[in-house]
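Hello,

Here is the structure I promised to pass on. Please open it alongside this note; my findings follow below.

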Amino acid sequence: MIRANAMILTLMILAVPLSGCAGDDDDDSLVGVWFFMDSAVLNFNENGTGAVSGDFFNWSTDGDALTIADVPNEDGDGTMDIVYTYAIDEDWLWIHGHGECYLYSSESIQEADWESRISETTAPSFCQSTQS
């Protein structure tokens, strides 16, 4: 009986944090602050909101697609959604859009160390055609 109760308690403890994973694929892995060198650039919140350079947005994922929603359009008379391709490889976030591939780290890295650290990474296939 004690063993059964311990097993049930363990499953309940594991189920609570995982209950948020039932929706989109890998939203949880994006959650947090992402850096370019030593500057915090992107912030993805658990509730599907985020910020970049002081501008706020809504976000979601579906497979390897990252949608940034409600972005003001160029005319300033409405909003649009922008879909990027993304991948996370350990502590690195790769985002591809607008013909470019962008790399962010989950930790602040001094500018002097940035190049040597990114040289140790391997770009995902969707970025390889944009790198020289």
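In strand β2, Ser 39 is the bridge partner of Phe 36. This is a predicted model, so please read what follows with that in mind.

Strand β1 (residues 32-36) and strand β2 (residues 39-44) run antiparallel, joined by 5 bridges. The hairpin they form has 2 residues between the strands. Met 37 has a positive phi there, near 55°.

Strand β2 also pairs with strand β3 (residues 49-52). The sense is again antiparallel, over 3 bridges. Here Phe 44 has Gly 50 of β3 as its bridge partner. This second hairpin has 4 residues between its strands. In its turn, Gly 48 takes a positive phi of about 85°.

**The salt bridge**

The count of salt bridges comes to 1. Arg 117 and Glu 107 form it, with their closest N and O atoms 2.6 Å apart. The two residues sit 10 apart in the chain. Arg 117 lies in helix α3 (residues 111-118), and Glu 107 lies in the loop between β8 (100-105) and α3.

Arg 117 has a relative accessible area of 29%, so it counts as partly exposed. Glu 107 is also partly exposed, at 33%.

**The chain as a whole**

The chain has 4 helices and 8 strands. In sequence order the pattern is α-α-β-β-β-β-β-β-β-β-α-α. There are 132 residues, and 28% of them are buried. The chain exposes about 8,800 Å², of which carbon and sulfur atoms supply 52%. Take the contacts between residues at least 6 apart in sequence: 38% of them join residues at least 24 apart.

**Where to be careful**

The average pLDDT is 79 for the chain, and 76% of the residues score at least 70. Which element has the highest confidence, and which the lowest? Strand β1 is highest, at a mean of 95. Helix α1 (residues 2-18) is lowest, at 37.

Residues 1-26 stay under 50 in pLDDT. For that stretch the model has 9 contacts beyond four places in sequence. Where pLDDT is low, the predicted coordinates should not be read in detail.

Best wishes

Terms used: Residues are numbered from 1 along each chain as its sequence is written. This is a predicted model: local features need pLDDT of at least 70, side-chain atom pairs count only at pLDDT 80 or more; totals for chains, interfaces and linings use all residues. Side-chain values use heavy atoms; hydrogens and water are left out. Two strands pair if DSSP finds at least two bridges between them. A salt bridge is a side-chain nitrogen of Lys or Arg within 4 Å of a carboxyl oxygen of Asp or Glu. Buried means under 20% relative accessible area, exposed over 50%, partly exposed in between (1.4 Å probe, protein chains only). pLDDT is the predictor's confidence in each residue, from 0 to 100. Contact means heavy atoms within 4.5 Å. Accessible areas come from the Shrake-Rupley method with a 1.4 Å probe; for residues, only the protein chains shown count as cover.
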